[in-house]
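Let's take a walk through this structure together.

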Amino acid sequence: MQCTYRPTCPGCPLAEVPYDEQLVRKKARLQDALSVFPHLRLPPVADVVPATRTEGYRHRLKLPVDVQGRDVHIGLYDQQTGDVLDTPDCPVLADPLNEALHALKAWLRGRHEVHSVDLRLSDDTQKMQLVLACRRGQLQGGKQALAELRKAVPALSSIAVSHADPERKRVMGRRPKIIVGEPWITEKIGSTGYRLFPGAFFQADPDNARQLHDLVKGYVGEADTLMDLYAGVGSYGLMLAPQVRKVIAVEEVPQAAEAARAMAPDHVQVITSKVEDLTFEDAVDVAILNPARRGADPKTLRQVARLANRLVYVSCGPETLARDLDILAANGMRATAITPIDLFPQTPEVETVVHLEKAAPLRTWKGAGGKAAGPWTGKPSGVVDRVEELVVLAVGRVNPRLQLREADVTYIGTVATHTLVKLSNLRAPPLHAIKALGRLGHPVAGSPGPTQRFFQEKAGLLRPFIHNTRSKGTWAPLHGDLVLALRKLGAPERIVQQLMEPRGAQGGTRGPRGRDTGGRGRRGPSGRGPGGRRRK
């Protein structure tokens, strides 16, 4: 794709890559994420379904604004300088959006209170919806100022003002309020109509989304009852309503749930709630899960695996999808088909639709010399016999000379500002050694506490980072969710590979100052300093 704003603009990192090669890379990304769970024995990944259009496809833009007198910039941030770029003719935006941006830039001159714009185009009606994120939620001139803008952009049928983030860390504002025009615009995917309030999530390209809906519909097949979780404006539930007897849709954003409810026939029940806060009792033929990039939580996955005969999982994050397929397998749902689809050409992002069916729960499998287990029953992953060695990610920087009464400690490597260590020559149950680390200010990453949410959001880590690597005669490679977490945190790949290979369990990496630990760790009682904790 030809773009005059590249490479300064970071919005399309694959713009210079031929489209066929982009599809190959997207498939490889998905396969790489799935490959760290070899025990799942997943079906082959299908080729990526190409997008119906690779340029001019985005029907929504969410961009920061920088107003310097009569000079107005609307674009992404320059990753080198932090300045707002000016990209008024972006090649991936639909033409009407680019045309509207020129008029919007002229109108924004002198309007320093506007921090960002959220402009959406309906592919069905060609009408537009605009949200202006303003300082303290106030736009100078109010309705009169917006009347001038509507004259310049006649397609604007809905304009709202939201409260901008005063620190400018978030592009989107909060609590949008309609100032002029209609409270919503309408859109269609295929023959299904949707109502979109300001700020609502919807597919970037409604035309390309027809392919996604066809995939989901094909995987759902024949069904009498359907559950649509993380439903948004009712994307799948409304589409499938004509062919099923009952639909239950769950969405936490009140305006999105209201929009779904307004378009729903009588046999579609829309519940306004976080999916994670609900307890489901009634069985359904098929459940559709369409979570955000962070994926679903184990409680929700356990519930749907118990209540649904089949699942269709729609994912926008290959790494969290792989983790969630592992959780579902542990709860008796195994993938039978995996199809990726390209919804964001010119980027590495890839959507994936997975069909799952009931199967025996997969909680243990054959390891090297014995049995290994996953972590989704409440215990650490790894070997299941008497543990002789384990790996943990400890919060903070652990002193390489740290000594514990309960175990030898070997430094493996630093990950971000945290420390991978091996605990071996256990002289107490593993939990005692882990608690001893915690008492010294180094709790395990992912454990309940102040840092738990950080590791959930940053690394997709849903449980404590503990892996039992070795027992007598048995070795277990680092479990897949921990591999993905390390990569998300930026761990050196040599460390990740070390923990996935048999020799990795032996330890022995360079310490922070290049010292080779030799895999021996700091020795036991005879090598301890006073109090058995740390030699000074």
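Start with helix 7 (residues 298–307), a mostly covered element in which 7 of the 10 residues are buried. Here "buried" stands for under 20% relative accessible area, "exposed" for over 50%, and "partly exposed" for what lies in between, using a 1.4 Å probe and protein chains only. Helices (H or I, at least four residues) and strands (E, at least two) are DSSP runs, numbered from the N terminus. Keep in mind that this is a predicted model: local features need pLDDT of at least 70, side-chain atom pairs count only at pLDDT 80 or more, and totals for chains, interfaces and linings use all residues. Residues are numbered from 1 along each chain as its sequence is written, and side-chain values use heavy atoms, with hydrogens and water left out.

Which residues of helix 7 are buried? They are Pro 298, Thr 300, Leu 301, Gln 303, Val 304, Ala 305 and Leu 307. Their cover includes strand 9 (225–229), strand 12 (284–289), strand 13 (308–315), helix 8, strand 14 (333–341) and strand 15 (351–358).

Now for the nonpolar cores. A core of this kind is a set of buried Ala, Val, Leu, Ile, Met, Phe, Trp, Tyr and Cys residues joined through side-chain atoms within 4.5 Å. The largest one has 83 residues, and Leu 328, Leu 420, Leu 423 and Phe 465 have the most contacts inside it. Helix 8 (residues 318–330) gives the most to this core, with 7 residues. Take Leu 328: neighbours within four places in sequence aside, this residue is in contact (heavy atoms within 4.5 Å) with Leu 301, Val 304, Ala 305, Leu 311, Tyr 313, Met 333 and Leu 356. There's also a second, separate core of 39 residues, with Ala 231, Val 244, Ile 288 and Ile 341 among them.

Next, move along to helix 11 (residues 480–488), where 7 of the 9 residues are buried. Those are Gly 480, Asp 481, Leu 482, Val 483, Leu 484, Ala 485 and Leu 486. In the loop between helix 11 and helix 12 (493–500) you'll find Leu 489, which is buried too, at 10% relative accessible area. Not counting residues up to four places away in sequence, Leu 489 touches Leu 393, Val 415, Ala 416, Phe 454, Phe 455, Lys 458 and Ala 459. Leu 489 and Gly 460 sit 29 residues apart in sequence, yet 9.7 Å apart in space, C-alpha to C-alpha.

Most residues other than glycine have a negative phi, and most peptide bonds are trans. Ala 416 is not a glycine, but its phi is positive, about 55°. This residue lies in the loop between strand 20 (408–415) and strand 21 (418–424) and counts as partly exposed, at 43% relative accessibility. Arg 168 also has a positive phi, of about 60°, and is found in the loop between strand 5 (156–163) and strand 6 (174–181). As for peptide bonds, the one from Arg 6 to Pro 7 is cis, with omega near 0°. Pro 7 belongs to the segment before helix 1 (19–35).

Finally, how many disulfides does a search of the whole structure find? The count is 0, with a disulfide taken as a pair of cysteine sulfur atoms within 2.5 Å. For Cys 12, the nearest cysteine sulfur is that of Cys 90, 5.6 Å away.
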